[in-house]
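Let's take a friendly look at the charged side chains of this model and how they pair up.

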Amino acid sequence: MARLTDSDREAFRELTQRGWIEEDALRSPRYVEPTPENLVRYCAWLDETSRFFIANKSIDFSGDHWKL
């Protein structure tokens with residue numbers, strides 16, 4: 001575990017006493033309107049993130065396990 005400096009320790013104490021206060025502008029929206037533009041943005045995001053998966057794992061549905 002890292003050792004805290006005195007200023008870090010004081011900032012941590014101050015934060016734990018007052019609690020975490022997040023501004024409304026920084027919060028994620030709880031509901032996103034399902035407009036065509038948002039769906040296009042979501043599909044583009046899915047396309048980009050799917051490229052991060054580079055594993056080469058075969059799928060095999062053979063066997064006698066009850067879950068197959």
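Is aspartate 47 buried, partly exposed or exposed? Aspartate 47 counts as partly exposed, because its relative accessibility is 37%, where buried means under 20% relative accessible area, exposed over 50% and partly exposed in between (1.4 Å probe, protein chains only). Its side chain meets that of arginine 51 in a salt bridge (2.8 Å, N to O). Salt bridges that share partners also bring in Glu48, so that Asp47, Glu48 and Arg51 form one network.

A word on the basis of these values: this is a predicted model, in which local features need pLDDT of at least 70 and side-chain atom pairs count only at pLDDT 80 or more, while totals for chains, interfaces and linings use all residues. Residues are numbered from 1 along each chain as its sequence is written, and side-chain values use heavy atoms, with hydrogens and water left out.

The whole structure holds five salt bridges, each defined as a side-chain nitrogen of Lys or Arg within 4 Å of a carboxyl oxygen of Asp or Glu. Among them are these:

| Salt bridge | N to O distance |
|---|---|
| Glutamate 10 – arginine 13 | 3.7 Å |
| Glutamate 14 – arginine 18 | 2.6 Å |
| Aspartate 47 – arginine 51 | 2.8 Å |

Glutamate 10 and arginine 13 lie three residues apart in helix H1 (residues 6–18), about one turn of the helix; helices are DSSP runs (H or I, at least four residues), numbered from the N terminus. Glutamate 14 and arginine 18 are four residues apart in helix H1, so about one helical turn separates them. Glutamate 14 is partly exposed at 38%, and arginine 18 is partly exposed at 46%. Arginine 51, at 53% relative accessibility, counts as exposed.

How values were computed
Helix = DSSP H or I, 4+ residues; strand = E, 2+ residues; numbered from the N terminus.
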